[in-house]
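This briefing concerns a single protein chain and is arranged by topic. Please consult the sequence and the model while reading.

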Amino acid sequence: MPIHQTAYFVVRDDALEICQNAIRDFVDYVRENEPDTLLYSSLQGKEHPTHFLHYFIFRDDQARELHAGSAAVNHFTSVLYPNLIAPVDFTEYNLFASTE
């Protein structure tokens, strides 16, 4: 069963460009290397551009574990985490309704 999850975080104003570049590189990596990560989207706040919501769907637990244990995640978090104003808020969801 697919796993739906979000990650909400806010980056420091002075680190916005660094974090945007890290996010782009990371999403590119996921797209090219994780076929069982069915979706990985990064949404940036329109009124508050330092606010981000990442929405991802993993095919199953194995796909999530592969993702979480990757060197790419370690590199991404090594850039992102020092530039956050608070820890990332991860939330898992059950699909309730969809247009698909």
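Which residues line the second largest pocket? They are Pro-2, His-4, Leu-38, Leu-39, Tyr-55, Ile-57, Leu-95, Ser-98 and Glu-100. The model is predicted, with local features needing pLDDT of at least 70 and side-chain atom pairs counting only at pLDDT 80 or more, while totals for chains, interfaces and linings use all residues. Residues are numbered from 1 along each chain as its sequence is written, and side-chain values use heavy atoms, leaving out hydrogens and water.

**Pockets**

- The second largest pocket has a volume of about 190 Å³, a volume being the space filled by probe spheres set on grid points joined across faces, edges and corners.
- A pocket is an open set of points on a 1 Å grid over the protein atoms alone where a 1.4 Å probe fits, with protein on both sides within 12 Å along at least five of seven lines; lining residues have an atom within 4 Å of a point.
- Two or more residues of the second largest pocket's lining come from each of β2 (37-44) and β3.
- By class, that lining has six nonpolar, two polar and one charged residue; Ala, Val, Leu, Ile, Met, Phe, Trp, Tyr, Cys and Pro count as nonpolar, Asp, Glu, Lys and Arg as charged, and the others, Gly among them, as polar.
- The largest pocket holds about 250 Å³ of space, and Tyr-40, Phe-56, His-67, Val-73 and Phe-90 are the closest to its centre among its 18 lining residues.
- Elements giving two or more residues to the lining of the largest pocket are β1 (3-10), β3 (51-58), α2 (61-68) and α3 (71-80), and α3 gives the most, with four residues.
- The lining of the largest pocket divides into 13 nonpolar, four polar and one charged.

**Helix packing**

- Helix α1 (residues 16-33) packs with α3 at an angle of about 170°, their axes 10 Å apart; axes are lines fitted to C-alpha atoms over the stretch in contact, and angles run from 0 to 180 degrees between N-to-C directions.
- The two helices α1 and α3 are therefore roughly antiparallel, a term for angles over 145 degrees.
- In this contact (heavy atoms within 4.5 Å), α1 supplies Ile-18, Cys-19, Ala-22, Ile-23, Phe-26 and Tyr-29, and α3 supplies Ala-72, Val-73, Phe-76, Val-79 and Leu-80.
- The contact of α1 with α3 has eleven nonpolar residues, no polar and no charged ones.

**Overall architecture**

- The chain has three helices and four strands, which are DSSP runs (H or I, at least four residues, for helices; E, at least two, for strands) numbered from the N terminus.
- From the N terminus on, the elements run β-α-β-β-α-α-β.

Note on methods:
Parallel < 35°, antiparallel > 145°, perpendicular 65-115°, else oblique.
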